[in-house]
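Take a look at the sequence and the model below. The report that follows walks through a few of its features, one topic at a time.

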Amino acid sequence: YGSRALNSGSWTPYNGSSSVYTMPITGNTNAMYSGSNFLAQQTFSVVSTTPGTWTRSGSNIYVNTGGVPIDQMNLRLGVVDKNLWVLNSRNFVIQDITARDSANNRDGESFKIDKSSDVTIRRLEAYNASLHHFEVVDTDNFLGEDLYAAVAEPGKGGTAYVSYSGSQSVTGHDDHVWRNIRYDDSSPYGMFVTHGPMMGDLLIENAYTEGNHRIGIQTEGQNQSIAVRGGQVSGFTLTGDNVLIDGVKVTGPQALVEVSGNNNTFQNMLMDLTSVDSFRNSAFAILGDNNVIRFNTMILDPSVPTTSGSPTGLYVSPTGSADFYGNVLQNFPVDIRVDGDLGLFGMNAYDSGEFRRYAGPVLTLDQWMANGFEQDSVEGLLSFLDPLADDYRLEPGQSAYHLIPSDFLNRPQTDYLGQAIPAHLRIDPGAFQSVAVPEASTVIL
C-alpha cells in the first residue's frame, strides 16, 4: 500500500457542516481515496460545495463527503508516488504482487522499471495509480505478462501501460514484450502508449479492456519492429510507421483507428462498433501514406445513431493514402470516403451504403467501380454463422462467400481465430475464414 488510513475520529465538521470535514495533517498528501476510488483534489472553494472532493490548506486537509457520515467513507491518504521501483538493475524477476495507491501531483506509478535490463514481471496487479500502473523506461530485454491494472486518478491523462526509451537507454535499442495485459476503469485513460527515440522492437499480445481505452503508438526509434496481436481495445492512435495490427477486436466507447503514420498494416480485425469517435465519425481515419487495411470485418451496431453521410467505414484524408481490400462492412451509411490517394481497392463485401470521392456526388458501388475506384467487390445481404458469439464467418450461398480468387496471394497467413489461410485456394473476405475451396475449373473428358 502507498497510503495510510485516516482515523475517522480525528475529523471534525468544518464550521458545523454536515458535508465538509477537516483534520490536521503532517507529511505527504499526494492523493485521497475512499474505498477503491480516488477523490478529486480541488481548491478549497470547490471542496466547500462539491461532494467527493478534497484539498490541503496549510496544516489541514478538508473533504466533502456529500452528507455521508465520515466514519463510512473509509478514507486513506496517499503518501508515496511509487509502490515498487526497479532502478539500475539487471536479471530481475518480479511476480505475484498486488500494489495499491500511488500518486503525487506530477506522476505516480504502481510499478516502474527504470534504466535496467533483462527484467521479467508476471502476475502483478496494480490499483489506484495516479499516472501509470506499469511504466518501463530506458530498459532493454523486458518481458511483462499476465498483468492487471485498474482505476486511475481522474484528470491526470496517463496510460495504464508504458514502454519508453530515451537518452538514458541502457543499449540504445530497447526491446519490450507485453503479453496478456488487462485494464479496467471507467475513466478515458489510455490502455497503452509507446514512444521514445531509443525504443527497439515491441510486441503486444492480448491487450484487453472493455472501456474507452486505446493503444497509442509512436515509432520514434531506428528500425523498429512493432506488432500488436490479439486482444480487445477501443481503438488505436498511430503516429508511427511500419506497424502491424493483427487479430484485434475493436469495440467500446468512442471506437476509432486513427492513423497519421505510414506503411502500417491492419488485418484480421473485428470491429464491432457500438459507438464511434464523435470527432472522426468513422471506423478508420487514415491521415498517413501507404497504409494497408485488409481482411477485416467491420460491423456498425444498428443502435449507433446515423445521419446522411455518417458514420463512415473508411475515411482517407487529403494527406492520406491506403490499400483497402478483402474487407467486410455492414450497416455503414457511408462505406468509403476518400479525399486522398486511392491504392488497391477491391474484393470487398458491402451490404449497402454510399461511396464518396472528394466533394463529388454520392455514388453507388456500381458507379464507384465504373469510375475505376474499386474492382471485383460485391454488395448484398451479409449473413454470418453466429454473430452473437463473435463468429462472423460468412454463411454459404451469398455473393461474398469465397469471393477472393485463388490466384490472389497477398493474404494474411492466419485469420482472426489463428486458423491458417491456405494459398492457392478461394477464400472469404473479412477476418474470419470458412473452409477454403479450390478454384473452379473445366474438366475435359
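## Salt bridges

A salt bridge is a side-chain nitrogen of Lys or Arg within 4 Å of a carboxyl oxygen of Asp or Glu. By that rule, E135 and K112 qualify: their side chains meet at 3.9 Å, N to O. This pair links distant parts of the chain, with E135 in strand β14 and K112 in strand β12, 23 residues apart. Both residues are buried. Keep in mind that this is a predicted model. In total, the structure holds 19 salt bridges.

E109 and K82 make another one, with their closest N and O atoms 3.5 Å apart. E109 sits in strand β12 (residues 109–114) and K82 in strand β10 (residues 82–87), so the pair ties together parts 27 residues apart in sequence. E109 counts as buried, at 2% relative accessibility. K82 is buried as well, at 16%.

## A link across the chain

K249 and D390 also form a salt bridge, at 2.7 Å from N to O. K249 lies in strand β24 (residues 249–250), and D390 lies in the loop between β39 (384–386) and β40 (391–394), so the bridge ties together parts 141 residues apart in sequence. Are these two residues buried or exposed? K249 is buried, with a relative accessible area of 11%. D390 is partly exposed, at 24%. Elsewhere, salt bridges with shared partners join R122, E145, R179 and E205 into one network.

K249 also touches Q232. Q232 is placed in strand β21 (residues 226–233). At 11% relative accessibility, Q232 counts as buried. Its other contacts beyond four places in sequence include A207, Y208 and T209.

## The nonpolar core

In soluble globular proteins, nonpolar side chains tend to be buried together. Here the largest nonpolar core has 67 residues. Which members touch the most others? They are F134, Y161, W178, F236 and F284. Beyond its sequence neighbours, F236 touches I215, V228, I245 and M269, among others.

Y161 stands opposite F192 in β18. Five bridges join β16 to strand β18 (residues 190–195), and the two run parallel. Strand β14 (residues 132–137) also pairs with β16 in the parallel sense, over four bridges. There, E135 has V162 of β16 as its bridge partner. Five of the six residues of β16 (residues 159–164) are buried, so this strand is largely enclosed by the rest of the structure.

## An open sheet

Five strands form an open sheet with mixed pairing, in the order β2-β3-β8-β7-β6. Strands β2 (12–13) and β6 (40–41) stand at the edges with a single partner each, so one side of each has no neighbour in the sheet. Strand β7 (residues 53–57) runs antiparallel to β8, and five bridges join them. One of the pairs is R56 with I61 in β8.

Y62 lies in strand β8 (residues 60–64). It counts as buried, at 13% relative accessibility. Its contacts beyond four places in sequence include Y14, F44 and W54. The C-alpha atoms of Y62 and S308 are separated by 51 Å, and the two residues are 246 apart along the chain.

Most residues other than glycine have a negative phi. D118 is not a glycine, yet it has a positive phi of about 55°. Its place is in strand β13 (residues 117–129). D118 counts as partly exposed, at 26% relative accessibility. V151 is not a glycine either, and its phi is positive at about 70°. V151 is found in strand β15 (residues 140–152).

How values were computed:
Residues numbered from 1 in each chain as written. Predicted model: local features only at pLDDT ≥ 70, side-chain atom pairs only at ≥ 80, totals over all residues. Heavy atoms only, no water. Core = buried A, V, L, I, M, F, W, Y, C linked by side-chain atoms within 4.5 Å. Buried < 20%, exposed > 50% of the residue type's maximum accessible area, 1.4 Å probe, protein only. Contact = heavy atoms within 4.5 Å. Pairing = 2+ DSSP bridges.
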